[in-house]
Amino acid sequence: MNATFERLDLSIDGEFAISRGTQTDVETVVVRVSDDAGQTGIGAAAPDAHYGETADTVTAVLPALLDAVEAVDDPLALGRIERRLRGTIRDNPAARAAVSIACHDLATRRLGVPLYRHLGLESGRAPPTSYTVAIDEPEAMAATAETAATEGYTVLKVKLGTDRDRERVEAVRAAAPEATIRVDANEAWTPHEAVEKSDWLADLGVEFVEQPIPAEHDDRLPYVHERSALPVAADESCVALPDVPRVADRVDIVNLKLMKCGGVREAVRMVHAARAQGLEVMLGCMVESTASIAAACHLAPLVDYADLDGALLLAEDAYEGPTYAGGTVTFPDRPGTGVRSTR
Ligand SMILES: [Mg+2]
């Protein structure tokens, strides 16, 4: 086996604003792992500075991670590969996820089956993915919502966390009266605000609230959870497997991401841990290219809620694979994750 990686910076179509700030481009690092027969698996890291990772930190640790894969020297030994990755570099989950995704792609290409089939899943079981409406002027958010609804998206994820939250949700609701609306405050609210806002959000028919308060104030989540008019989802508060039991009695839903937990198998473990705790599960992503979101699409039949539209925010995606036009996750008729370069 041998492996290579390359940095790939991608422009966002316009800009992407959440409560923490605005992005205009995204750093990714593409990983390719090849076997002796010349088959190649593709994965990518979409590091998030919020979790302490950048393209530089990813490229700094990838040589050690790829050495670990070559030391295992068995492309089908995916469990051992992920354990070795975690044993080699404990943090840096986006870097580990890139390697895990590439190895899962390679293994299932060799087996001649799509990744979801290897996992025993059925493509038709994937929930529809939401379409993200980033923070903007209320009229612009309404226009985005209306376009998405016209394109067939039935679920909208509205980013909040400003002093005009209510005006924004009212505008989106008016533009997409039939849509299922979820909101994500990305840690912007105080516990008191979270409870107060949940009342009018419920009146506007919102389904649930994601990450209302800062993760560093997780001890206040019970206050919000007991009083909120809406179910509460943890994203920044639920990063890796040990977080699942820790937040289980404080939220209703956990939002899992490959770039937070560090691997395909680790994500599957988190789904089952969450189920055992009585939680519902959402599968999300960063702003990522299809090179990495593809793997999450293959896990989507396992979960209750999907938020996998990150590649739609890019001006140009350098890869193609599973699609989700109109929200319906559809897999190409190819083995592996189905990812291939469009360049
Ligand atoms: Mg979120």
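1. A residue is called buried when its relative accessible area is under 20%, exposed when that area is over 50%, and partly exposed in between, with a 1.4 Å probe and protein chains only. By this rule V224 is buried, because its relative accessible area is 1%. V224 lies in helix 8 (residues 221-227), where helices (H or I, at least four residues) and strands (E, at least two) are DSSP runs numbered from the N terminus. Leaving aside residues up to four places away in sequence, V224 touches P191, A194, V195, P212, I213 and V232, contact meaning heavy atoms within 4.5 Å. By comparison, the C-alpha atoms of V224 and L283 are separated by 22 Å, the two residues being 59 apart along the chain.

2. Some words on the origin of these values are needed. This is a predicted model, in which local features need pLDDT of at least 70 and side-chain atom pairs count only at pLDDT 80 or more, while totals for chains, interfaces and linings use all residues. Residues are numbered from 1 along each chain as its sequence is written, and side-chain values use heavy atoms, with hydrogens and water left out.

3. Which residues coordinate the magnesium ion? They are D184 (OD), E210 (OE) and D235 (OD), at 2.1 to 2.3 Å; donors here are N, O and S atoms within 2.8 Å of the metal (3.2 Å for Na, K and Ca), and since water is not among the atoms, sites may look incomplete. Along the sequence, the spacing of these donor residues is D-x25-E-x24-D.

4. E187, in the loop between strand 6 and helix 7, has a positive phi of about 75° although it is not a glycine, and it counts as buried at 15% relative accessibility. Q211, in the loop between strand 7 and helix 8, has a positive phi of about 40° and is likewise not a glycine; Q211 counts as buried at 1% relative accessibility.

5. The next points concern helix packing. Two packed helices are described by the angle between their axes and the distance between the axes. The axes are lines fitted to C-alpha atoms, for helices over the stretch in contact, and the angles run from 0 to 180 degrees between N-to-C directions. Angles under 35 degrees count as roughly parallel, over 145 as roughly antiparallel, 65 to 115 as roughly perpendicular and the rest as oblique.

6. The axes of helix 2 (residues 78-88) and helix 3 (residues 93-111) come within 10 Å and cross at roughly 165°, and the two helices are therefore roughly antiparallel to each other. The contact is made by L78, I81, E82, L85 and R86 of helix 2 together with R96, V99, S100, C103, H104 and A107 of helix 3. These residues divide into 6 nonpolar, 2 polar and 3 charged, where Ala, Val, Leu, Ile, Met, Phe, Trp, Tyr, Cys and Pro count as nonpolar, Asp, Glu, Lys and Arg as charged, and the others, Gly among them, as polar.

7. How is helix 2 placed against helix 11 (residues 264-276)? Their axes come within 9 Å and cross at roughly 95°, which makes helix 2 roughly perpendicular to helix 11. In this contact L78, G79, E82 and R86 of helix 2 meet V264, R265, E266 and R269 of helix 11, and the residues divide into 2 nonpolar, 1 polar and 5 charged.

8. Helix 5 (138-150) is among the elements that cover the buried residues of helix 6, and those buried residues are D165, R168, V169, A171, V172, R173 and A175. The axes of helix 5 and helix 6 come within 8 Å and cross at roughly 30°, so the two helices are roughly parallel to each other. P138, M141, A142, A145 and E146 of helix 5 make the contact with E167, R168, A171, V172 and A175 of helix 6; by class, the contact has 7 nonpolar, no polar and 3 charged residues.
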